[in-house]
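Subject: Structure for you to look at

Hello,

Here is the structure I said I would pass on.

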Amino acid sequence: KGYAGLGLYQQAWVAMHMNDTDTAIQLLTRSAAQPGTHKTDAKFLYGDALYKQGEYKRAKDIYIGLRKTLTGELKVTATRKIAAANRALKLPEEDGVTDD
């Protein structure tokens with residue numbers, strides 16, 4: 001009890017490393033809905049899974065949402081992932097990166 005979200009995240013991490021992104025996405029959707037400290041990691045991995053499937057716009061939206069709530073190194077990581085999605089979308093790297 002209380003570890004369901006983390007358990008789902010860990011299963012999704014394994015699925016991603018086995019190149020089963022469909023399963024990872026299903027698990028991450030459930031994981032992110034659970035309370036716990038894993039939520040940010042689950043959302044990043046969800047964005048990564050979408051990116052891996054070529055869903056660059058959806059991945060970028062996830063990263064932008066994360067960036068708005070993060071600080072420090074995690075915010076930098078989100079910014080780098082937004083830039084990568086922008087490159088894949090053939091947009092300027094800073095598109096969508098605002099500090100509102």
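The crossing of H2 and H3 is left-handed. Please keep in mind that this is a predicted model.

How the helices pack

Two packed helices are described by the angle between their axes and the distance between the axes. For H2 and H3, the angle is about 150° and the axes are 9 Å apart. Angles over 145 degrees count as roughly antiparallel, and H2 and H3 are therefore roughly antiparallel to each other. On the H2 side, the residues that meet H3 are Thr21, Ile25, Leu28, Thr29, Ser31 and Ala32. On the H3 side, they are Lys39, Ala42, Lys43, Leu45, Tyr46, Ala49, Leu50 and Lys52. Sorted by class, this contact of H2 with H3 holds eight nonpolar, three polar and three charged residues.

H3 also packs with H4. Their axes come within 7 Å and cross at roughly 160°, so H3 and H4 are roughly antiparallel to each other. The crossing of H3 and H4 is left-handed. H3 brings Thr40, Lys43, Phe44, Tyr46, Gly47, Asp48, Leu50 and Tyr51 to this contact, and H4 brings Tyr56, Arg58, Ala59, Ile62, Tyr63 and Leu66. By class, there are nine nonpolar, two polar and three charged residues in the contact of H3 with H4.

Helix H2

H2 runs over residues 21-32, twelve residues in total. From its first C-alpha to its last it reaches 16 Å, close to the 16 Å expected at 1.5 Å a residue. Its buried residues are Thr21, Ala24, Ile25, Leu27, Leu28, Ser31 and Ala32. These buried residues pack against helix H1 (4-17) and H3.

Helix H5

H5 covers residues 72-88 and has 17 residues. Its first and last C-alpha atoms are 25 Å apart, close to the 24 Å expected at 1.5 Å a residue. Which residues of H5 are buried? They are Thr77, Ala78, Ile82, Ala83, Ala84, Ala85 and Asn86. What do they pack against? The buried residues of H5 pack against helix H3 (39-52) and helix H4 (56-69). After H5 comes lysine 90, which has a positive phi, near 60°.

Is threonine 21 buried or exposed? Threonine 21, which lies in helix H2, has a relative accessible area of 11%. Buried means under 20%, so threonine 21 is buried. Leaving aside its neighbours within four places in sequence, threonine 21 is in contact with Met16, Ala49, Lys52 and Gln53.

Threonine 40 lies in helix H3. Its relative accessible area is 25%, so threonine 40 is partly exposed. Which residues does threonine 40 contact, leaving aside its neighbours within four places in sequence? They are Leu66, Leu70 and Leu74. The C-alpha atoms of threonine 40 and threonine 69 are separated by 9.7 Å, and these two residues are 29 residues apart along the chain.

To look at this yourself, start with threonine 40 in H3, and then find Leu66 of H4, which is part of the contact with H3.

Regards

Note on methods:
Residues numbered from 1 in each chain as written. Predicted model: local features only at pLDDT ≥ 70, side-chain atom pairs only at ≥ 80, totals over all residues. Heavy atoms only, no water. Helix = DSSP H or I, 4+ residues; strand = E, 2+ residues; numbered from the N terminus. Expected span 1.5 Å × (residues − 1). Buried < 20%, exposed > 50% of the residue type's maximum accessible area, 1.4 Å probe, protein only. Contact = heavy atoms within 4.5 Å. Axes fitted to C-alpha atoms, helices over the stretch in contact; angles between N-to-C directions. Parallel < 35°, antiparallel > 145°, perpendicular 65-115°, else oblique. Left-handed = near helix turned anticlockwise from the far one by under 90°. Nonpolar A, V, L, I, M, F, W, Y, C, P; charged D, E, K, R; others polar.
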